[in-house]
Amino acid sequence: GEDVLCTYTIAGLPKAGPWRARNGRGSVVCDGQTIFSIAPSTERGRIAVRRGGKRLVGRGIAPDSGRPIRLDQDPDEPRRYVGKFRSRVQGVDARFTFTVDAVSARRMQGDMKASVRIQGRRCTVTRPLTLTYAGSD
């Protein structure tokens, strides 16, 4: 019964600087029924790398997020970063979970998800996203 601690790093930690966020077509599903789609959009923002890559801080990478999004590295899956932010869906305040996997230093893929109540119905909002480094280096 020996404990073993493995430490490893991602090949290609996400780069700090300008990023383009392609927010794919989203859906709002209430009580098992899709009630509407969210149109795709592209945002331009910036990502700062903090704590040696254990935290990313994104500004302008999610539509209507307003504030910076703090994404913390998942200790069990070091390519994965997870954060939360608030936005509005159909006039209802929603708390989204923002999850991305660093595919490389210049690309991340993931999604945004939230559970909300709209007109008394339990709804799930899901939207895929791809982040691409937009710097010249």
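Which residues form one aromatic cluster? In this predicted model, the cluster consists of Phe85, Phe96 and Phe98.

Strand E10, which spans residues 121-133, pairs with several other strands. Its pairing with strand E9 (residues 107-118) is antiparallel and comprises twelve bridges. Within this pairing, Arg117 is positioned opposite Arg122 of E10. The hairpin formed by E9 and E10 has two residues between the strands, and Gln119 adopts a positive phi near 50 degrees there. Strand E1 (residues 17-23) is also antiparallel to E10, to which five bridges join it; Arg20 has Thr132 in E10 as its bridge partner. Strand E2, covering residues 26-30, is connected to E10 by four bridges, again in the antiparallel sense. Here the bridge partner of Val28 is Val125 in E10.

Cys30 belongs to strand E2 and Cys123 to strand E10, so that the pair, 93 residues apart, links distant parts of the chain. The link is right-handed, with 105 degrees about the S-S bond. Both Cys30 and Cys123 are buried. A disulfide is a covalent bond joining the sulfur atoms of two cysteines.

The search of the whole structure for aromatic pairs returned three. One of them is formed by Trp19 and Tyr133, whose rings are 5.7 Å apart centre to centre with 75 degrees between the planes, an edge-to-face arrangement. This pair links distant parts of the chain, as Trp19 lies in strand E1 and Tyr133 in strand E10, 114 residues apart. Trp19 is buried, with a relative accessible area of 1%. Tyr133 likewise counts as buried, because its relative accessible area of 8% falls under the 20% limit. An edge-to-face geometry also applies to Phe85 and Phe98, because their ring centres are 6.0 Å apart and their planes stand at 70 degrees. Phe85 is located in strand E7 and Phe98 in strand E8 (residues 92-104), so this pair ties together parts that are 13 residues apart in sequence.

The largest nonpolar core contains 28 residues, of which Phe96, Phe98, Val100, Met108 and Leu131 touch the most other members. Two or more residues of this core are given by each of E1, E2, strand E6 (69-74), E7, E8, E9 and E10. Phe98, which is also a member of the aromatic cluster, has contacts extending well along the sequence: with residues up to four places away not counted, it touches Ile61, Ala62, Ile69, Leu71, Tyr81, Val82, Gly83, Phe85, Asp111, Met112, Leu129 and Leu131.

Arg55 lies in strand E5 (residues 55-59) and counts as buried, at 13% relative accessibility. When residues up to four places away in sequence are excluded, Arg55 touches Ala48, Val49, Arg50, Arg70, Leu71, Asp72 and Tyr81. Arg88 lies in strand E7 (residues 77-89) and is exposed, its relative accessible area being 55%. The C-alpha atoms of Arg88 and Leu129 are separated by 18 Å, the two residues being 41 residues apart along the chain.

Terms used
Residues numbered from 1 in each chain as written. Predicted model: local features only at pLDDT ≥ 70, side-chain atom pairs only at ≥ 80, totals over all residues. Heavy atoms only, no water. Disulfide = S-S within 2.5 Å. Buried < 20%, exposed > 50% of the residue type's maximum accessible area, 1.4 Å probe, protein only. Pairing = 2+ DSSP bridges. Phe/Tyr/Trp six-rings, centres within 6.5 Å; stacked < 30°, edge-to-face > 60°. Core = buried A, V, L, I, M, F, W, Y, C linked by side-chain atoms within 4.5 Å. Contact = heavy atoms within 4.5 Å.
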